[in-house]
Amino acid sequence: MIFVPLARADAERLRDAGPAGARDGVRGFAATASLVRAHGLGPKDEDEAAYTAQAYAMTAGLLAGVWPDGDRVVLAAEVADGSVTDEHSDLGEVRADGLGWSVVAAVFSDGPEPDPTARPAVIAAAAALAGTALEDAVDRPEVEQLLEQHDLLWHVPDERW
C-alpha cells in the first residue's frame, strides 16, 4: 500500500480518466523496511507502519503546497510491487508507476463537510512549515496538532469524499 498526497482536483481527474489516466513516477510513502526499522517497528506493527507512512504523505503534501485551500486528500493505492521503487529512506519514500483509479483502495480526506476548523489549521500548518525538511516537519507541533485534532477520514473510492 502506498499513500499519495494529491489536490482534490487531481484526485478527481485521476478518478475520471479511467484506465488511460494512470500516472507514472508518482511520489508516495509506504511502510517500507527502512521506515519500519527507523521507527523500531516489527512484523506485528503493520497498522502502525501504514499510519506512519500516511502521516508522512500528509506532511509531504503540506510541504509541497498541494492543499493551498486546506482541503487534504491522500490516496491509498495497491500498486503492483514491480511498479514501486523504494527510495530506501527512513520516511518510507517510494516512486510508483501505474497509479490509476483502479488501484486506489481508499481515499483519506477531511471529508465533504469537514470540521470548520480543519482547513484553517491545514493552511496555518503549511505556512508555519514552509522551508522545513520533511524529516524535521513531522515532529513539529503543527503536524502533531493536525494528526491529533484533524485526523483524515477513511472513504471507499466510490463514495463522496
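Reply: What follows sets some computed values against the definitions of the terms.

Reply: This is a predicted model, in which local features need pLDDT of at least 70 and side-chain atom pairs count only at pLDDT 80 or more, while totals for chains, interfaces and linings use all residues. Residues are numbered from 1 along each chain as its sequence is written, and side-chain values use heavy atoms, with hydrogens and water left out.

Me: Why is the contact between R8 and D71 called a salt bridge?

Reply: The term requires a side-chain nitrogen of Lys or Arg within 4 Å of a carboxyl oxygen of Asp or Glu; the side chains of R8 and D71 meet at 2.5 Å, N to O, so the pair qualifies.

Me: Which parts does this pair tie together?

Reply: R8 lies in helix α1 (residues 8-17) and D71 in the loop between α3 and β3 (73-77), so parts 63 residues apart in sequence are tied together.

Me: What makes R8 buried or exposed?

Reply: Buried means under 20% relative accessible area, exposed over 50%, and partly exposed in between (1.4 Å probe, protein chains only); R8, at 17%, is therefore buried, and D71, at 6%, is buried as well.

Technical notes
Helix = DSSP H or I, 4+ residues; strand = E, 2+ residues; numbered from the N terminus.
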